[in-house]
Amino acid sequence: MTLSRIGRISRAFVVSMAVVLGMSACGGYTVGFMWVLGTQFNQITGLKVDDFTGNLTQTVNSPYASGGTNPVSLTVRVGGNFVFVVNKGTSVAKCDGNVSVFAVGQDGILTFQEAYFTPGCSPVWTSVDGTGAFLYVLDAQAPDFATTGNGSITVFAIDGSTGRLQLVPNQLIKNAQGKQLNFFEVGPAPTMLRVGGSCVYTLDSGDQTIFPYGVGSGGQLTVPVNSRVITGATNLTSINVSGSSIYLTDAAPVPATGTTPASPGGRILPYTAGAGCSLSTQVGGAVNNLPLTSDPVYSMTDSKNGFLYVLNHGTTNSNNANSTISAFVIQTTGVLTPLPSSQNPYPVGNGPVCMVEDPSNQYLYTSNSNDGSVTGKVINSHTGELSDLTRGSSFPATGLATCLAVSGNVD
């Protein structure tokens, strides 16, 4: 049967739009780009996120060299035009870690720009401020580590057009020679840094504290009155900032007390951020992780701040030896309660490290170190429940995957 002239025009228009939007009969358009680090080959796997299915497909020329050795952390500048990768290096003794800058091109393709070194040694984490003007890099060892045993934050100003980094000196403190320091000291053995509003919080595993800094003009970090928050934790593993709420994970097993059962999976410590970057314990205090979980290493709140997801590296379930995600409902009072689902906790890949929500807020993904994969889940925005993607939930990444990041656009 011959199509009418109007029918042929309509059909051509639909096909043209499908090409423009990157749509196909098997899925939707690309809603975002994902980059996954891997330490086995010092590579970055580039992936496109399908809007309709949540499926991941590799970008052109992926994987990309990380620009150093042992990539462990990455962050995306606001606008999505640059990705910053922390390469920890081969050893603290060599002090050969760096920060590599990548430009993001069409279709999420990464192009290496330049590598920068921090004043300290062994960089472990990086974050960008909310304006995209400054990059914070956390070193496990400060330049004066031999004397203090502390870590440090290096602040770089970001050129929004080129991605180039310029060191921001510490205007508040001078060294013995009368020169401004080029770093901001934090506590011992820092492992993670988060930016929340006008505050920067560092997790110090050496003394189980949180070290807060206020963010001043020109990228300067200022020490508030309460320069250190004693958490009472035994094994802090992550910090998550969501608005005025701060969530810590403590991986140490919790013994039974009175009517409260033991929790091999550790606990979550919820705080509220106050004036001067102070932290106060939220109503209800610490919350035990779910049964049959162990070693929580990361946490994330959904886009609506209605649910908290805790990534568990291990399990105590001999019948189902999967790493998992514990899901909690964030009540209006701030109190955490386990999500009432028979599937909670939810299984993911082997040895998960990091977790993100996609730019359209439909999907959740974890990077899994032991099997070098990414696990995808569908998020029910109303109930918080997680379910498998419709066309398979596991995708290959690069060997020994560490952290991952996503971006929804490239401006």
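1. In this predicted model, Trp125 is buried, with a relative accessible area of 8%. Trp125 belongs to strand E9, which spans residues 121-128. A polar atom of the Trp125 side chain lies 3.0 Å from the backbone oxygen of Leu193. The C-alpha atoms of Trp125 and Leu193 are separated by 6.4 Å, although the two residues are 68 residues apart along the chain.

2. Leaving aside residues up to four places away in sequence, Trp125 touches a set of residues that includes Tyr136, Met192, Leu193, Arg194, Tyr298, Cys354 and Cys403.

3. Tyr298, in strand E26 (residues 293-301), is buried with a relative accessible area of 9%. The side chain of Tyr298 makes a polar contact with the side chain of Arg194 at 2.8 Å. Among the residues touched by Tyr298, not counting those up to four places away in sequence, are Trp125, Met192, Arg194, Tyr309 and Cys354. Tyr298 and Asn240 are 58 residues apart in sequence, and their C-alpha atoms are 7.9 Å apart.

4. Cys354 and Cys403 are joined by a disulfide with an S to S distance of 1.7 Å. Cys354 lies in strand E31 (residues 352-357) and Cys403 in strand E36 (residues 401-407), so the link ties together parts that are 49 residues apart in sequence. Cys354 is buried at 2% relative accessibility, and Cys403 is buried at 5%.

5. The disulfide count is 3. Another of these links joins Cys95 to Cys121, with 1.9 Å from S to S; this link is left-handed, with -100 degrees about the S-S bond. Cys95 sits in the loop between strand E6 (82-87) and strand E7 (98-104), and Cys121 in strand E9, so the pair ties together parts that are 26 residues apart in sequence. Cys95 is partly exposed at 29% relative accessible area, whereas Cys121 is buried at 17%.

6. Cys199 and Cys277 also form a disulfide, with their sulfur atoms 2.1 Å apart, and this link is left-handed at -95 degrees about the S-S bond. Both Cys199 and Cys277 are buried. With the bonded cysteines numbered in sequence order, the pairing reads 1-2, 3-4, 5-6.

7. The structure contains 6 aromatic pairs. In one of them, the ring centres of Tyr363 and Tyr365 are 6.4 Å apart and the planes stand at 55 degrees, so the pair is tilted. Tyr363 is buried at 3% relative accessible area, and Tyr365 is buried at 0%. Elsewhere, ring pairs link Phe184, Phe211 and Tyr213 into a cluster.

Methods
Residues numbered from 1 in each chain as written. Predicted model: local features only at pLDDT ≥ 70, side-chain atom pairs only at ≥ 80, totals over all residues. Heavy atoms only, no water. Phe/Tyr/Trp six-rings, centres within 6.5 Å; stacked < 30°, edge-to-face > 60°. Buried < 20%, exposed > 50% of the residue type's maximum accessible area, 1.4 Å probe, protein only. Helix = DSSP H or I, 4+ residues; strand = E, 2+ residues; numbered from the N terminus. Contact = heavy atoms within 4.5 Å. Polar contact = N/O pair within 3.5 Å; in protein donor to acceptor, adjacent residues only side chain to side chain. Disulfide = S-S within 2.5 Å.
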